[in-house]
Amino acid sequence: MSTERSGNGGDLPAPWARERLHVSADLCTGCRACEVACVAQHEGVFGRAAARIKVVKKEPIGLDYPTVCRLCVHPPCVEACPVEALGRQETDRQHPADKQHPPDCDSPPIGAVILSEEKCIGCGACVEACPFGAADLHPQTGLALICDLCGGDPACVKRCATGAIIYGESGLQARQRREERAMRANASPLARPGRSGAAQRMPSIRRMQSIRMDFGARGLEWPVNRDERPRGGAG
Amino acid sequence: VNAYGGAVLRVNLTDRTIHQEPLDPDVVRLYLGGRGLNVLRLYHEVPPHTDGLSPDNELLFGVGTLVGTLFPGGARFNVTAMSPQTGILGDSNAGGFFGPELKFAGYDQLILEGRADEPVYLWIADDQVELRPAAHLWGRDVWEATEAIRHELGDSDVQVATVGQAAENGVRYAGVFANLNRPAARTGMGTVMAAKNLKAVAVRGTGAFPVADMDRFMELIHQLDEVIYSHREYEPRMHMGTTRLVLALNSLGCLPTRHFQQGTFEGAQAVSGETLAERFKVKGKACFACTIPCSRFLVVDDVRFPGLRMEGPEYEPLAGFTVRVGNDDLALALEAIDRANRYGMDAIALSECIAFAMECCQRGLLSRQEADGLDLSWGDGETILTLIHKVAHREGFGDLLADGVKKAAERLGQGPTEFAQSVEEIAMHGKGLEVFQADPRGIKAYGLGNAVASRGADHLRSEPSFEFSEDAEEAVRRYGVPDAAFRLKHRGKGRVVKHYEEMAAIADSLGVCKNTYNNMEVLDWEATAELLRAATGWDMSGEEVQRIGERIVNLERLLIAGEGITRRDDTLPKRFLEEPMPEGSGPSTGSVLELEPMLDEYYCARGWDVRTGLPTKQKLEELGLDE
């Protein structure tokens with residue numbers, strides 16, 4: 001957690017320090033569990049068409065890429081909405097560390113795009129406006145489908161088995177990407193670029209979970225510790 | 001019914017009628033879905049001795065109970081019909097994304113009857129179902145057809161199950177392929193589909209379904225995730241999937257080297273899952289909602305095969321086109337697998353047919369002239385690739401191999417009795433289905449499982465991985481004898497196979513993966529019942545789950561008994577039963593498969609007649625199968 005966050009209506013974190021979803025096409029296996037988890041969380045049923053996160057799959061080239069809401073500073077979807085059904089969460093929710101006031105999961109984290117289902121007319125202007133295709137319409141109700149970050153504890157992130165979707169602050173994410181890139185450019189056999197790179201960078205789930213809990217401090221550990229390669233056992 | 005799509009879709013291709021039928025809640029409680037529901041319908045709606053290629057045969061797609069939920073790998077669909085390859089039960093199963101999409105469209109089962117008068121494909125978009133012309137897709141391979149349909153329908157998320165040219169040309173072991181590389185390949189289900197003039201089934205489902213208790217269900221799934229993440233097999237499976245078995249089985253001495261002539265392979269390291277991941281893997285891939293990305297996307301950097309990239313392969317095709325045919329060229333094997341996939345064939349059957357021809361040549365039973373002048377030396381890459389093409393198009397010598405190894409041996413073996421016998425003895429099949437990529441002499445429960453399997457010799461009907469455990473205490477607790485936990489011992493294996501057959505039947509009917517359910521054993525009967533209670537709301541016990549598995553296995557036995565199958569058909573080639581594993585087979589050297597005592601024990605455990613191998617009246621009454 002970034003230290004400049006003051007919680008409870010104090011100074012707002014800068015956009016770069018806001019928590020948002022970050023994705024990796026290298027780590028995504030294309031399993032679509034994030035979509036199903038999203039529908040289960042929001043609709044209480046199993047399906048995938050009503051998901052607020054969508055995985056793009058191109059099977060012939062092996063591409064899997066989760067499309068998520070980017071929490072734009074100037075969100076085109078909000079600007080495009082003709083009936084002001086879309087807005088942004090401008091105030092911070094309670095800080096998770098504030099034990100006296102546990103976080104309210106119904107209250108979206110700062111920067112999240114909020115949909116008023118009462119105002120939404122299902123016109124699809126937000127779908128046209130979003131440059132990522134992250135906004136969609138609900139297959140049954142026809143109203144806008146917009147990621148609300150599950151009140152700061154995204155169901156998609158919780159169910160992702162490989163850490164392909166991470167919820168964290170952009171500043172830290174950017175630093176990690178820089179360092180990862182720098183190491184891949186390095187000739188070290190442990191961080192080789194290209195094809196077997198993905199296999200080597202694949203973290204164990206245990207390690208990923210610890211990263212998620214303590215993202216900033218340990219974000220650098222997993223790309224380098226892939227020296228032991230497992231051997232096939234009986235059975 | 002909670003956790004189900006709720007409808008069955010019946011399509012008659014002859015008169016082009018399409019009906020929705022409601023799912024019978026009483027029936028799914030007794031048979032779950034997927035394989036169980038399919039075999040029940042096949043038993044009741046298709047008369048005995050129906051020819052696999054006849055319009056009277058039904059092709060069934062069944063989706064399991066847990067498919068489409070967050071159950072890790074709840075992805076699988078079963079394709080069932082009378083088999084044109086074996087003449088008995090045809091049934092095969094695949095993962096990927098087709099099964100969940102069919103369920104989201106609202107269907108638990110798809111029934112395809114009759115035969116269209118021209119090539120068509122079926123397009124299911126929720127309630128909108130239509131037959132569309134497919135003349136432009138006929139002659140296209142699996143990849144081309146899949147992508148052409150997606151392009152035509154304007155949606156890359158459309159899930160397509162299609163056949164390739166092999167099925168169109170009547171190769172009797174052609175499969176139904178979903179997601180380009182995920183085949184329901186065994187027993188010729190693609191051949192049945194093409195015989196109906198049906199090129200593909202395309203589906204898009206935008207619906208959703210409830211479970212009885214979502215909170216409880218999700219709690220159980222989170223617990224299950226933890227079991228999987230902390231399982232000792234998690235890491236190796238994540239990196240290599242089943243391809244790790246090349247080196248594992250090499251060290252045990254039960255690889256099918258050069259058509260089961262030795263249990264170790266000198267080129268094992270070069271063609272291992274480890275080497276494959278190291279050289280060609282670019283990322284991990286997974287089936288629907290699975291937490292184990294055991295599949296891999298490969299980019300093969302080899303000037304001989306420009307642009308070769310693919311998902312997979314699993315151990316079976318990998319070992320088939322390397323160890324079994326004596327080839328240590330990994331890139332060539334991947335090219336072979338890719339071609340077999342695109343033409344749409346069963347890699348086990350195909351690699352057996354090629355290896356069979358090579359051994360016939362080795363023993364002087366087949367001349368070069370008879371084989372279109374091909375060099376049938378072990379591991380000859382050009383021959384392997386040429387034969388794949390020839391089989392898929394039924395050209396020349398390929399035509400002889402296109403009906404499966406049993407019929408190939410019958411055709412090739414015409415002549416003096418002694419010659420015919422020599423040829424037939426080296427055709428590695430059980431009930432007309434080709435044996436998998438491991439030597440049953442070194443893994444005896446698998447041997448028994450292959451011999452008794454209801455769809456012909458196949459490991460996935462039981463997958464009795466307990467015999468690798470070496471856990472004598474657990475063996476005594478479960479099966480009464482310590483030997484059950486040791487692969488080279490034969491005692492107790494009848495009970496092991498009975499247990500694992502029922503697990504496999506449950507896995508296939510829930511639509512979950514046997515990697516987790518049978519091999520990693522992430523759920524026992526009681527835990528399965530608990531999950532089913534949360535999903536469906538049924539008041540179901542662990543014992544009842546076991547009973548469902550037993551019921552399905554017994555019904556399948558009844559079905560194949562109607563085709564004349566008895567104990568004498570529950571057997572394997574003579575090599576496994578009489579010839580000891582040759583020198584150079586590591587710890588398996590000298591071992592044979594003691595099939596007869598294991599069969600006795602198996603029928604006893606099943607409550608079947610030991611003499612005939614058929615279910616007794618008492619057993620059928622007990623399972624409610626006596627009508």
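Start by selecting the buried residues of H1 in chain A: they pack against strand S2 (46-47), S3, helix H4 (155-159) and strand S9 (165-169) of chain A, together with helix H7 (214-229) of chain B. "Pack against" is about contact, which is heavy atoms within 4.5 Å. Helices (H or I, at least four residues) and strands (E, at least two) are DSSP runs, numbered from the N terminus.

Before going on, some ground rules: this is a predicted model, where local features need pLDDT of at least 70 and side-chain atom pairs count only at pLDDT 80 or more, while totals for chains, interfaces and linings use all residues. Residues are numbered from 1 along each chain as its sequence is written, chains are lettered from A and ligands numbered from 1 in the order in which they are written, and side-chain values use heavy atoms, leaving out hydrogens and water.

**Stop 1: helix H1 of chain A**

Stay on this helix, residues 33-43 of chain A. How many of its eleven residues are buried? Eight of them are, so the helix is mostly covered; buried means under 20% relative accessible area, exposed over 50%, and partly exposed in between (1.4 Å probe, protein chains only). Click through the buried ones: A:Ala33, A:Cys34, A:Glu35, A:Val36, A:Ala37, A:Cys38, A:Val39 and A:Ala40. Then step just past the helix to A:Gly44, which takes a positive phi of about 75°.

**Stop 2: all of chain A**

Now zoom out and color chain A by secondary structure. Of its 235 residues, 52% count as buried. Looking at contacts in chain A with a separation of 6 or more, residues 24 or more positions apart account for 61%. Chain A exposes about 10500 Å², and carbon and sulfur atoms supply 54% of that; these accessible areas come from the Shrake-Rupley method with a 1.4 Å probe, and for residues only the protein chains shown count as cover.

**Stop 3: where chain A meets chain B**

Show both chains and select the contact residues: 49 in chain A and 65 in chain B. The area buried between the two chains is about 4700 Å², with carbon and sulfur atoms giving 55%. Buried area is the accessible area (1.4 Å probe) that two parts lose on being put together, summed over both.

How many salt bridges are there between chain A and chain B? The count is seven. A salt bridge is a side-chain nitrogen of Lys or Arg within 4 Å of a carboxyl oxygen of Asp or Glu. Select B:Lys285 and A:Asp64 to see a salt bridge at 2.8 Å, N to O.

There are also 16 residue pairs in polar contact between chain A and chain B, both residues at pLDDT 80 or more. On chain A, H1, S2, S3, helix H6 (195-201) and helix H7 (205-213) each supply at least two residues of the side that touches chain B. H6 of chain A gives the most, with five residues. A polar contact is a pair of N or O atoms within 3.5 Å; within protein, one must be able to donate a hydrogen and the other to accept it, and residues adjacent in sequence count only if both atoms are side-chain atoms.

Next, select a whole group: A:Arg32, A:Glu35, A:Arg48, B:Glu101, B:Asp155, B:Asp157 and B:Arg204 are linked in a network of salt bridges.

**Stop 4: salt bridges within a chain**

A search of the whole structure finds 81 salt bridges over all chains. In chain A, pick A:Lys54 and A:Asp136, whose closest N and O atoms are 2.8 Å apart. This pair links distant parts of the chain: A:Lys54 is in strand S3 (residues 54-58) and A:Asp136 in strand S7 (residues 136-137), 82 residues apart.

Jump to chain B and select B:Arg35 with B:Glu556, another salt bridge at 2.8 Å between the closest N and O atoms. B:Arg35 lies in helix H2 (residues 34-45) and B:Glu556 in helix H24 (residues 542-561), so the pair ties together parts that are 521 residues apart in sequence. B:Arg35 is buried, at 2% relative accessible area, and B:Glu556 is buried too, at 1%.

**Last stop: B:Asn515**

Select B:Asn515 in helix H22 (residues 514-519) of chain B. Its side chain makes a polar contact with the side chain of B:Arg237 (3.3 Å).
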